[in-house]
Amino acid sequence: MRSFLLRVVAFAGISVTVFGLDPGQGTIRGDFELQAQTYKADSVIQAPNVPEKMAAEGFLNLGYTLNNLSVGLRYEGYFNPLQGVDPRYAGSGISYRFARYSTEELDVTVGNFYEQFGSGMILRTYEERALGIDNSLDGVRVKSSPTAGLALTALFGKQRNFWAEGSGLVRGVDAEVSLNDFDLLGDDWMGHDVELRFGGSFVSRFQTASDPFLNLPENVGAWSYRGTLTSGGFLVTTEYAHKINDPSLTNNTTFNPGNGLFVTTSYSTRGFGLTLNAKRIDNMDFRSDRTAYGNSLTLNFLPPLSKQHSYRLVTMYPYATQPNGEIGFQGELVYSFAKHSLLGGQYGTEVTLNYSNIHDLDTMHISDTTQEARYTYSSKFMATGPHLLFDDLNLEISHMWSHEFKSILTLVRQTYNKNVVQGKVGYDSLLHPFIAVFEGTWQMNSSHALRFELQHLWVKEVNYSDSIPKDHGNWAYALAEYTLNSSWFLTAFDEYNYGNEDPDLRLHYPNLSVTYVHDATRIALGYGKQRAGILCVGGVCRLVPAADGFTLSITSSF
């Protein structure tokens with residue numbers, strides 16, 4: 001702690017000296033987060049024996065702004081990382097610090113920063129603590145808007161690699177043009193206002209190569225083009241990305257180039273909304289180090305095509321984006337029945353229907369005797385492969401019965417390829433989960449409320465044989481959350497694997513927690529059992545081991 005305080009004081013002193021900041025002026029902001037968990041070995045739920053018995057992670061952000069100048073830093077401490085978070089985070093220090101000068105025409109950042117070009121297919125650096133991801137860049141970023149309708153970004157730096165930096169050097173530029181600001185479009189098009197934007201990006205990674213057998217590229221470039229058209233209730237967005245051959249640990253050293261296409265269209269008007277998405281990804285795992293694995297040193301983000309569910313049992317079979325190859329589509333229809341109609345009732349009803357379907361690619365290895373050709377394949381661009389990876393059809397009906405009570409009914413039917421999505425071995429059959437969820441909220445008075453969830457999951461396998469391992473079977477889940485007032489919340493839930501084929505594994509996973517909220521501070525203390533599984537955020541996932549113990553969460557900002 002003493003060394004940390006000395007580094008904070010030193011950084012603040014340097015900032016004051018270099019930029020001439022007056023500590024008595026300007027704005028100071030910050031936030032704090034603590035996540036802690038105790039662990040008790042439990043052979044029944046397969047919770048591992050954790051030697052330290054308790055793990056804790058703490059984060060403190062501090063920032064100071066005066067006129068056009070701002071400086072900030074973040075302290076992190078992992079003592080040790082929570083189970084499921086990469087153990088290479090163990091330790092503490094200042095992981096993020098920056099100085100920024102910003103005007104309407106120019107924005108310059110030195111130090112650490114996060115950035116995204118377009119949808120992120122060739123560049124997105126971000127932090128997601130639930131997944132243990134922080135791939136910020138440490139370098140220089142310059143943004144400029146020399147005229148209305150034109151935005152330019154240039155950057156270079158190296159990525160954070162836990163408590164060090166990756167070996168690859170990252171360079172990138174991005175430009176986006178709004179034709180409306182250049183008066184190239186009329187104010188009215190086919191009776192509607194129209195907005196048209198175009199953008200382009202280029203990102204390059206340099207990393208030395210010394211493979212004695214393969215001629216690995218040291219400079220790997222990726223570029224993308226995008227466009228957005230908005231008119232009335234219509235929106236069309238498309239982006240295409242291309243990456244040169246980038247043999248790496250995560251793509252089995254293939255010399256194929258990578259490419260990605262993402263298209264989304266939508267139309268909305270009062271009471272009605274329709275969205276259609278399509279995506280094709282081929283060899284688009286892009287990192288600043290060809291030897292990196294897991295969630296470390298990722299340079300890009302591939303937008304998920306499936307709906308991002310939040311209910312507990314619906315997320316038991318989450319889909320993880322397959323950067324080495326996937327093709328699919330998604331559609332969503334939202335319709336609101338008017339109040340006082342037959343299906344709308346007195347307060348109205350909203351229905352959401354969503355469907356997504358994702359396959360692997362139609363590929364074939366190239367027959368050639370050259371060294372590099374042995375690591376290449378052909379791929380039909382618009383053809384789906386023979387294997388279904390994920391299929392999700394879900395219906396959600398939200399209805400308010402009175403001023404005091406509202407409900408949400410959700411039905412989900414999925415098809416899940418566990419071998420591919422989770423990298424398992426032996427699940428030669430597809431899993432077919434069906435989940436029903438009923439959520440209700442009863443507002444008793446202005447300060448007291450009760451929210452509850454009832455969930456059930458049925459799962460079956462097709463093409464089953466005795467040589468194939470069975471999954472966990474059916475589950476039931478119940479949750480109750482009671483709001484005493486604006487500050488106190490009590491939550492209890494239980495997951496019950498009553499359908500497991502092994503009677504000894506028909507287990508309960510109970511949890512109880514109390515939460516206190518005051519202004520910008522939130523404190524939650526709980527105890528319970530956690531089943532092993534996969535946690536996903538936006539199609540990016542990590543394994544979560546089983547656990548038994550107390551949890552403590554504190555967040556605060558000022």
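Predicted model: local features only at pLDDT ≥ 70, side-chain atom pairs only at ≥ 80, totals over all residues.
Close-up 1. Together with Ile-397, Leu-409, Phe-434, Phe-438, Leu-454, Trp-458 and Tyr-498, Leu-411 makes a nonpolar surface patch of about 630 Å². The elements that contribute two or more residues to this patch are β20 (405–416), β21 (431–443) and β22 (449–461).

Close-up 2. Strand β23, which covers residues 475–483, pairs with strand β24, which covers residues 488–496, in the antiparallel sense and over eight bridges. Between β23 and β24 the chain passes through a hairpin of four residues. Strand β24 is also joined to strand β25 (residues 508–518), and here nine bridges connect the two strands, which again run antiparallel.

**Close-up 3. The disulfide of Cys-536 and Cys-541.** The count for the structure comes to one disulfide, and it joins Cys-536 to Cys-541 with a distance of 1.9 Å from S to S. The link of Cys-536 and Cys-541 is right-handed, with 105° about the S-S bond. The two cysteines fall into separate classes of accessibility, because the limit for buried is under 20% relative accessible area: Cys-536, at 21%, is partly exposed, whereas Cys-541, at 18%, counts as buried.

**Close-up 4. The salt bridge of Lys-529 and Asp-42.** The structure holds 30 salt bridges, and one of them is formed by Lys-529 with Asp-42, whose closest N and O atoms are 3.5 Å apart. Lys-529 lies in strand β26 (residues 521–530) and Asp-42 in the loop between β1 (27–38) and β2 (54–66), so the pair ties together parts that are 487 residues apart in sequence. Lys-529 is partly exposed, with a relative accessible area of 25%, whereas Asp-42 counts as buried at 11% relative accessibility. In general, side chains of opposite charge can pair when their charged atoms come close.

**Close-up 5. The salt bridge of Arg-97 and Asp-138.** Arg-97 and Asp-138 form a salt bridge in which the closest N and O atoms are 3.2 Å apart. This pair links distant parts of the chain, with Arg-97 in strand β4 (residues 91–102) and Asp-138 in strand β8 (residues 137–144), 41 residues apart. Arg-97 counts as partly exposed, at 30% relative accessibility.

Close-up 6. The side chains of Asp-134 and Arg-160 meet in a salt bridge, with 2.7 Å from N to O.

**Close-up 7. Asn-245 in the loop between β14 and β15.** Asn-245 is placed in the loop that runs between β14 (234–243) and β15 (258–269), and at 25% relative accessibility it counts as partly exposed. Leaving aside neighbours within four places in sequence, Asn-245 is in contact with Pro-217, Val-220, Phe-255, Asn-256 and Pro-257. The C-alpha atom of Asn-245 is separated by 9.6 Å from that of Ala-222, a residue 23 residues apart from it along the chain.

Close-up 8. Ser-356 has its place in strand β18, which covers residues 349–365, and it counts as buried at 0% relative accessibility. When residues up to four places away in sequence are not counted, Ser-356 touches Leu-305, Ser-306, Phe-329, Gln-330, Phe-390, Asp-391 and Asp-392.

How values were computed: Residues numbered from 1 in each chain as written. Heavy atoms only, no water. Buried < 20%, exposed > 50% of the residue type's maximum accessible area, 1.4 Å probe, protein only. Contact = heavy atoms within 4.5 Å. Pairing = 2+ DSSP bridges. Disulfide = S-S within 2.5 Å. Salt bridge = Lys/Arg side-chain N within 4 Å of Asp/Glu carboxyl O. Patch = residues over 30% accessible without salt bridge, like charges linked within 9 Å, V, L, I, M, F, W, Y side chains within 5 Å. Areas by Shrake-Rupley, 256 points an atom, 1.4 Å probe, with all protein chains shown as cover.
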